[in-house]
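Me: Could we go through this model together? I would like to begin with the overall surface and then turn to details.

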Amino acid sequence: MLNLNSPDSNSFQDPVSLNVGGEVYTTTLDTLTRCRDSMLGAMFTGQIPLLRDKRGNFFIDRDGKIFRYILNYLRSNSLDLPDDFKEMALLKREADFFQIRPLLHEIRHYESGPHGVNWRSAVLNTDVDCQVRVLHFNLKRGPENYELRSCAVRVYTANVFCTSCAFIELLCTRFSYRTREGITSPQAREGKPNYLSMEWVPRPEDLPKDQYEKHHYQELTATSQVTFPAASRTSVIPDTRAFMEEMLKASLAEGFRVDSVFPDPSDILNCRSLRLVRY
């Protein structure tokens, strides 16, 4: 590693001028190496070679306008964004490129935390439907002996809308599918990051596993944190009640409050429609 205090390190002396995507910034080595394990830290400790522009500024081919917020964070160790800031996805991408882990953590905290009424306020709607279908299948009893069987399968569909995309992203990490191919995560609708749809079919006891997989059914599971001992716990979602319970755990932990319950407000876990708000 290059010793920044060495008189031989003439390439890195304060102040440092940076040309980031056409935007020129002047800062200090202490700021740029605040996170030593980041890519910026590696650049300005001599571990990664740097280019210079025609004026002698160190050149980094990234988004120059967004870099100002990264630089401000490194200077002050706090994420200070304007109220009308709309480039959070781009800031997250740049922070990920530079591998500034504390900043990535701060961005996630900012997205879900109380940082002004306009940013934090959100509405969450959840609707769950269950359809019972009769499945007919052949159960093999011998080499050429098949028995026709029938069983009821319950197909659950959940449609979630939230004005906070960050909460939808949180749900995508909390829920997962168990399929024949392995574990997969649900995804927000393409082009509609505020919408999340999930469909799952718990396997009935009288339905053989090969028949269950043949019809491409999938189970839904939820992962939650256990305080003591510190660990995560994954449980299968067998019905609407269990799903609504997990939704309430996730939403209440993020500051939401119940606004309306349908059809019976006194029986929230057995509801089919749930609306929550966050102020």
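Reply: Accessible areas here come from the Shrake-Rupley method with a 1.4 Å probe. The model itself is a predicted one. By that method, the protein chain exposes about 16,300 Å², and carbon and sulfur atoms supply 48% of this area.

Me: What percentage of the 279 residues is buried?

Reply: Buried residues account for 39% of the 279 residues in the protein chain.

Me: And how many helices and strands are there in the chain?

Reply: The protein chain has nine helices and 14 strands. Among its contacts with a separation of 6 or more, 57% are between residues 24 or more positions apart.

Me: What is I100 in contact with, leaving aside neighbours within four places in sequence?

Reply: I100 is in contact with C35, S38, L40, I70, Y73, L74 and A95.

Me: Aromatics next. How many aromatic pairs does a search of the whole structure find?

Reply: The search finds 10 aromatic pairs. One of them joins F97 and F98 in an edge-to-face arrangement, at 5.1 Å centre to centre and with 80° between the planes.

Me: Is F97 buried or exposed, or partly exposed? And F98, buried or exposed?

Reply: F97 has 29% relative accessibility and therefore counts as partly exposed. F98, at 0% relative accessibility, counts as buried.

Me: What about the rings of Y212 and Y217: how are they arranged?

Reply: Their centres are 5.6 Å apart and their planes lie at 55°, so the pair is tilted. Y212 counts as buried because its relative accessibility is 6%, and Y217 is buried as well, with a relative accessible area of 17%.

Me: Which residues do ring pairs link into a cluster?

Reply: Ring pairs link Y25, F67, F97 and F98 into a cluster.

Me: Where do charged ends sit over rings?

Reply: The charged end of R52 lies over the ring of F58, 4.0 Å from the ring centre. The charged end of K192 lies over the ring of Y195, 5.7 Å from the centre of that ring.

Me: Changing topic, where is N19, and what does its side chain make a polar contact with?

Reply: N19 is in strand β1 (residues 16-20), and its side chain makes a polar contact of 3.0 Å with the side chain of D53. At 11% relative accessibility, N19 counts as buried, because buried means under 20%. Leaving aside neighbours within four places in sequence, N19 is in contact with V24, D53, N57, F58, F59 and I60.

Me: One last residue. Where is R174 placed, and why does it count as buried?

Reply: R174 is in helix α7 (residues 165-174). R174 counts as buried because its relative accessibility is 16%, and the limit for buried is under 20%. Not counting residues up to four places away in sequence, R174 touches T221, A222, T223, S224, E246, K249 and A250.

Methods
Residues numbered from 1 in each chain as written. Predicted model: local features only at pLDDT ≥ 70, side-chain atom pairs only at ≥ 80, totals over all residues. Heavy atoms only, no water. Phe/Tyr/Trp six-rings, centres within 6.5 Å; stacked < 30°, edge-to-face > 60°. Buried < 20%, exposed > 50% of the residue type's maximum accessible area, 1.4 Å probe, protein only. Lys NZ or Arg CZ within 6 Å of the ring centre and 35° of its normal. Helix = DSSP H or I, 4+ residues; strand = E, 2+ residues; numbered from the N terminus. Polar contact = N/O pair within 3.5 Å; in protein donor to acceptor, adjacent residues only side chain to side chain. Contact = heavy atoms within 4.5 Å.
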